[in-house]
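Here is a short briefing to read beside the structure.

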Amino acid sequence: QNILPVCFSVGYSAVALNHVIDFKEKKQEIVKPVSPSELFPSLPIVQGTTKRIKVLTRLTLVVSDPSHCNLLRSTSANIRLYDIIAVFPKTEKLFHIACTTLDVDLVCINVTEKLPFYFRRPPVNMAIDRGIYFELLYTPAIKDSTMRRYTISNAISLMQVCKGKNIVISSAAERALELRGPYDVANLGLLFGLSEGEAKAAVSTNCRATMLHGETRKSACGVVYTVKKPRKVEEEETAVPACKKAKTQA
Amino acid sequence: MVRFKNRYVLCEVVSEDPRCRQCIEDRTLGHAVRDAIARVHGDYGLACCSISFTVKYLNAYTGTVLLRCRKDSYRLLCSALPFVRYLENRAQRYPCFLNTLHVGGTVRTCQKFLIQYNRTQLLRLLQNCSNEEERQCIQKSLLSCSLTEEQSQSGDEEEDDGTE
């Protein structure tokens, strides 16, 4: 509740609220996402640098078993309500499945422990072709020193495979003070082995592409929304289905 | 001509605790930043960055800090700034974080940026203003901010409330 005003004052223009679903416990229902307008009565908050703040909802599935992925294919109505869907694979096989066939926007890379598997090039390249982004968290790195080492080593091994493309850096902040401004997060990207342009893209253009990817997933397949992008306005205009082929799944 | 080139990093200290603002001093801040560099980059990083490292300007009301370092090592400094978690002053710890606003080559460019930034912040405060006197105060200070020649380093607009 109090994290969001800090986000806005620091200069972010879109924020996604995350719900994590873990399958290790007994079968959980996917809850309907809390709509942002319930949390904030004054949602269109006009900001210093841009016009309006977007608050999106996001779902993260922690999968450690292939049967959990069936949830994604099911036509549960609640899944459709989330703007962005992320998956957190725990094994190599699941990583492969997530990159190649699953219908997600983001693949989370574990930063809190040593990766049990190495990244291989084929699934990573397929994910890049499909428009799926890899996500790194930075809040554990700020909190704890051993987490920092795991974060950096996992991030650098990811960079060596994917050459810095399709990376999104995000925070899993639970308190307002664990947040960092966008310029700082781009500088953190330098620590992870990204080049300067790639690091800035990891905070700005890649995130926007993920949002668009989520939108195209929600709507009919194969449609690309063209958005008007004058610099300051955040509202999107829906579509002329463009003639460009979508990069996503068929 | 051989000249030492510096980079000036403009940051803002953001904290939830209002008492944190009062204890911002150049020594505590310098100490916190050096500590963060040592934790992230080790002895080599600390030694590289502290060749010409000082806190050049500090404004406790708005929490604005201007740091100076060498051009060769400003990347080490910038990448270690997110790791500053608290300021420590006489055995009191205040959790906070630094938000980098601008990196410039001279104090003057940073000053220009700071004036523009403060102007946008004042505009934002203007929108959230509740009563008429505050509104007039802010409007007056907005109209009077400019870069004059006499001022050496500080931006020269007045701040009415330091709750930024």
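This is a predicted model. In it, chain A and chain B bury about 2,000 Å² between them, and a search over all chains gives five salt bridges and zero disulfides. The notes below take these topics one by one.

**Chain B at a glance**
- Chain B holds five helices and five strands, and along the sequence they run β-α-α-β-β-α-β-β-α-α.
- Of its 164 residues, 46% count as buried.
- Among the contacts in chain B with a separation of 6 or more, 68% join residues 24 or more positions apart.

- In soluble globular proteins, nonpolar side chains tend to be buried together.
- The largest nonpolar core here has 82 residues, and the members that touch the most others are Phe95(A), Phe134(A) and Ile167(A).
- Helix H2 (residues 26-49) of chain B gives the most to this core, with six residues.
- A second, separate core has 10 residues, including Ala86(A), Leu106(A), Tyr133(A) and Val168(A).
- Beyond its neighbours within four places in sequence, Phe95(A) is in contact with Pro89(A), Val107(A), Ile109(A), Phe117(A), Phe119(A), Val124(A) and Phe134(A).

**A buried threonine**
- Thr210(A) sits in helix H11 (residues 205-218) of chain A and is buried, at a relative accessible area of 3%.

**The interface**
- Chain B brings 24 residues to the contact and chain A brings 22 residues.
- Of the area buried between the chains, 58% is on carbon and sulfur atoms.
- On the chain B side, Pro82(B), Phe83(B) and Phe97(B) lose the most area to chain A, together 29% of what that side buries.
- One salt bridge crosses the interface: Glu196(A) meets Arg75(B), with N and O 2.5 Å apart.

**Salt bridges and their surroundings**
- Glu196(A) also pairs with Lys200(A), at 3.9 Å from N to O.
- Because they lie four residues apart in helix H10 (residues 196-203) of chain A, Lys200(A) and Glu196(A) are separated by about one helical turn.
- Lys200(A) is partly exposed at 43% relative accessibility, and Glu196(A) is partly exposed at 31%.
- Glu178(A) and Lys143(A) form a salt bridge whose closest N and O atoms are 3.9 Å apart.
- That pair links distant parts of the chain, 35 residues apart: Glu178(A) is in the loop between strand S6 (167-170) and helix H9 (182-191), while Lys143(A) is in helix H7 (residues 139-143).
- Glu178(A) counts as buried at 7% relative accessibility, whereas Lys143(A) counts as partly exposed at 41%.
- In chain B, Glu25(B) and Arg27(B) meet at 3.4 Å, N to O; Glu25(B) is partly exposed at 23% and Arg27(B) is exposed at 65%.
- Through shared partners, Glu196(A), Lys200(A) and Arg75(B) join into one network.

**Cysteines**
- A disulfide is a covalent bond between the sulfur atoms of two cysteines.
- Cys49(B) is in no disulfide, and the nearest cysteine sulfur, that of Cys48(B), is 6.3 Å away.
- Cys49(B) is buried, with a relative accessible area of 2%.

Technical notes:
Residues numbered from 1 in each chain as written. Chains lettered and ligands numbered in written order. Predicted model: local features only at pLDDT ≥ 70, side-chain atom pairs only at ≥ 80, totals over all residues. Heavy atoms only, no water. Disulfide = S-S within 2.5 Å. Buried < 20%, exposed > 50% of the residue type's maximum accessible area, 1.4 Å probe, protein only. Core = buried A, V, L, I, M, F, W, Y, C linked by side-chain atoms within 4.5 Å. Helix = DSSP H or I, 4+ residues; strand = E, 2+ residues; numbered from the N terminus. Contact = heavy atoms within 4.5 Å. Buried area = accessible area lost by both parts, 1.4 Å probe. Salt bridge = Lys/Arg side-chain N within 4 Å of Asp/Glu carboxyl O.
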